[in-house]
Amino acid sequence: MDQKKREQFVDTVSDFIRTVSIVLPADIYGKFMEIMRHEKIPSAAACYHNMHKNMYHARKLCRPVCQDTGVIEFFVGVGTKFPYMDEIKGVLHDAVIKATAEVPLRPNAVEPLSERNTGTNAGYGVPYIEYDLVPGSSDLDIQMYMSGGGSSLPSRSRVLMPLEGREGIKRYIKETVIEWGVNACPPLIIGVGLGTDASTSAALSKKALLRPLGTHSEIPEAKDLEIELRDELDEIGIAPLGFGGSCSVLGVNIECAAHHPATLGVGISTGCWATRRGHIVIHEDLSSKNLSHIVFPENSHEKTAENADNI
Amino acid sequence: MRKLLKTPITYDQIKDLRTGDTVYLSGELVTCRDAGHRRVLREGVMPELVDLKDGAIFHAGPIVGKDEDGKEYIVSIGPTTSRRMELAEADFIEKTGIRLIIGKGGMEAKTAEACREHGAIHCAFPGGCAVIAAREVEEITGCEWRDLGMPEALWIMRVKGFGPMVVSIDTTGANLFEERKKLYRSALDAAEE
């Protein structure tokens, strides 16, 4: 790959990282606005107003909407005909270093056990990259997640006894939200993974967290559970920010896999109200399309959509 | 009650505040989180550039940028989860004489008891409002322990009207978030009956 093309590839990804750190994706922004407009409790409404004002200033001043820009994680679908497969890892790495210096992002990568901060958000094993193959495609599909400290703290997974059943799953999730969710900047996105063991359930819960709000599991029983959990968590009313209000969550997404009859694995991944995630497709000619955002930072070359709310 | 606190913070300034009250801060604010607490308590080292007695700490790790003249400024700053410091905060209060702790969410029984005993309060600043908070920081006046990295270093800042914050633990030891959690729990239990 010639140097010029590689630079274009790095710039595309680092611009994408900049956008994700400064403005929220359309699905989360839309849900936030809906919650803000429906909040009747004055103290909670004032809090949402403040959060909204913060989004406005972040976009205008081109500064990260939250100081915790997380540890950066990529979930990439590599088209088997994408021409620059060998470059992906290096490009993602370089794009993170570039965005960290230029936006700037907070350097959050501390090396294992020595606790030394690398200063660049890159280091041993980070940015974290998960690969999947997309047969026949010539695109690179990238989902990015900024894993913040506060919103990562409640994440957990456990293997329940099958006899604990559906009620056991619900109880585990609700207790986690009450005990730890109050500190994780609610209203939260709750990603739930149901599988056989702790690691597969945790991985599925992250996949659930990445799925856009407003979509549902294709498995009817899981869809029912998504709605039921959302309504029952909202009934508890921990949002905004644990002070108490009319809701708790932006949404509940469940991803599941058939499991061993002797185990009931449950994973939970939580996202804060300002969950920063994004989705971009890079084509073989290195042109790209952002699939997640309709609002862009003021200094971005991409234009904010006309139908976007005026923030 | 709404009140503006000014550093150095005397016991008189905070003794009548109660959980749920709204406060703002003007004066000196110092960031201190996991590694800062560890250094003070485990390694027994006190910061040299700042006196924490009657002071205010912020559980926060900012993004710090440099302007055209090379002067450091706060790009974004917001609270981190205070509960992580629960293991250390009571001893930290006793050792430093700090009066105001600002963070996200609540803290637990040991910190609440230390607040009652030594006359300190914990306040919650809204999480995820990092650009608003950065605009309330007038200047970075110093930085200690840079070796801990940007998030964990002690950033010493002059702030004006920093807030609004909600008192979550007061000088009587009352604890807003623990009370809230009891309410949330009873809502959960009621729904299951």
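Strand S5 (residues 188-195) and strand S7 (residues 264-271) of chain A run antiparallel, joined by seven bridges. The model is predicted. Both strands belong to an open sheet of four strands in chain A.

- Strand S4 (156-160) and strand S6 (249-256) stand at the edges. Each has a single partner strand, so one side of each lacks a neighbour in the sheet.
- From one strand to the next, the twist averages 20°.
- Strands of a sheet pair through backbone hydrogen bonds, either parallel or antiparallel.
- One bridge can be picked out by its residues: A:Gly191 has A:Ser269 in S7(A) as its bridge partner.
- Helix H7 (residues 198-210) of chain A lies across S4, S5, S6 and S7. Helix H7 runs at about 140° to S5(A).

**The largest nonpolar core**
- In soluble globular proteins, nonpolar side chains tend to be buried together.
- The largest nonpolar core here has 138 residues.
- Which members touch the most other members? They are A:Val65, A:Ile190, A:Val192, B:Leu100 and B:Cys123.
- Strand S9 (residues 154-169) of chain B gives the largest share of this core, nine residues.
- Two domains of chain A also contribute: domain 1 (1-148 + 275-311) and domain 2 (150-271) each supply at least three residues.
- A:Val65 touches residues of chain A, including A:Ile22, A:Val23, A:Leu24 and A:Ala274. A:Val65 also touches B:Gly128, B:Ala130 and B:Val131. Residues up to four places away in sequence are not counted.

**Where chain A meets chain B**
- On chain A, 39 residues are in contact with 33 residues of chain B.
- Four helices of chain A each supply at least two residues to the side that touches chain B: H3 (42-61), H5 (149-152), H6 (165-180) and H8 (220-236).
- H3(A) provides the largest share of that side, eight residues.
- By class, the side of chain A that touches chain B has 22 nonpolar, 11 polar and six charged residues.

**A loop residue in chain B**
- B:Asp147 sits in the loop between strand S8 (137-144) and S9 of chain B.
- Is B:Asp147 buried or exposed? B:Asp147 counts as exposed because it has 11 C-beta neighbours inside 10 Å, and the cut-off for exposed is 12 or fewer.
- B:Asp147 and B:Gly36 are 111 residues apart along the chain, and their C-alpha atoms are separated by 11 Å.

Technical notes
Residues numbered from 1 in each chain as written. Chains lettered and ligands numbered in written order. Predicted model: local features only at pLDDT ≥ 70, side-chain atom pairs only at ≥ 80, totals over all residues. Pairing = 2+ DSSP bridges. Axes fitted to C-alpha atoms, helices over the stretch in contact; angles between N-to-C directions. Contact = placed C-beta atoms within 7 Å. Core = buried A, V, L, I, M, F, W, Y, C linked by C-beta atoms within 7 Å. Buried ≥ 20, exposed ≤ 12 C-beta atoms within 10 Å, placed from the backbone. Domains from an automatic or database assignment. Nonpolar A, V, L, I, M, F, W, Y, C, P; charged D, E, K, R; others polar.
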